[in-house]
Amino acid sequence: MNQQNKNPKLETRNSKLSEIIAGTMNWGVWDKKLNTQEMIHLINICIENSITTFDHADIYGGYTTEEQFGKAFGESKISREKLQLISKCGIQLEGNRTNKIKHYDYSKEYIIWSVENSLKNLQTDYLDVLLLHRPSPLMVADEIAEAVEKLKAEGKIIDFGLSNFTTSQTELIRSRIKFGTRTEVSYNQIQFSATHYEAMLDGSLDYMQTHDIRPMSWNPLGTVFREDNEQTRRLKKLLVQLVEKYGVGSDTILLSWILKHPSKVVPVAGTVNIARIQQLMKAVELPLDNLDWFAIWTESIGNKVP
């Protein structure tokens, strides 16, 4: 796209995200079933604790959570400039929108329609970040590029990224999408945690650093508190010692482990527990010792590090 066609509104907006992101997947009917007033309260609690970025996807709550969040946001009277909104598109869920089978749609028309629908539901006129939710074998990179460049030129999205894309899939998209002189893939939201650390071994995080792509981590606490197996028991035993050493909770230490990686991973924390939300940002300042970082990795592997 020609530089002179850039929408001047884009120059006045700040798409910088908070260092920890609030994940909204469980806010609606898929889990917590928060009502409007509860959502308003939770949005305010997050902002008061410097968590100003909210991660959405059109599919959350079977395509209902964005609208519920938007209603709460609208009634809250919170200034749009005080928060950042991320959304994802591309997954078509079975049993919704007359879909007979779960599939992916990355046609130009669908991406544009999906973003505009998310904007309406979230009661905003732009997304800070649009992510493609999961890669599709049938995605046409040139068509995706046309949609993204149009949305950016119209000021409907500020930044663009991916979610769960491999390095080769990311490179394919990067090779097509440009805005002015800048390659336009800014984020990739992946699974990364103390129990799911493959991204730092398979070249994914190296690739992102090389190309100035900021990683986001979904499920940043991994399976430590969700599963009972040899790996999680080893980690819990170590965490008891580290909690005593650092004077913070186990979840704070696990987030700090992610944040210490030089790729500057941004965790997406899905908790709606207010006490835990109030503690999350402590992970940003926690001076996790290098040896403790390697101790966590060692216990996760169950052996000496490679």
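Trainee: What sits over the ring of Y126?
Mentor: The charged end of R80 does, 4.0 Å from the ring's centre. A charge counts as sitting over a ring if NZ of Lys or CZ of Arg is within 6 Å of the ring centre and within 35 degrees of the ring normal. Keep in mind that this is a predicted model, where local features need pLDDT of at least 70, side-chain atom pairs count only at pLDDT 80 or more, and totals for chains, interfaces and linings use all residues. Residues are numbered from 1 along each chain as its sequence is written, and side-chain values use heavy atoms, leaving out hydrogens and water.

Trainee: Why is the pair of W257 and W293 called stacked?
Mentor: Their centres are 4.8 Å apart, with 10 degrees between the planes. Rings of Phe, Tyr and Trp (its six-membered ring) pair if their centres lie within 6.5 Å, and planes under 30 degrees apart count as stacked, over 60 as edge-to-face and the rest as tilted. So stacked it is.

Trainee: And what makes W293 and F294 edge-to-face?
Mentor: The angle between their planes is 80 degrees, at 5.0 Å centre to centre.

Trainee: Is W257 buried or exposed?
Mentor: Buried, at a relative accessible area of 0%; buried means under 20%, exposed over 50% and partly exposed in between (1.4 Å probe, protein chains only). F294, at 39%, is partly exposed.
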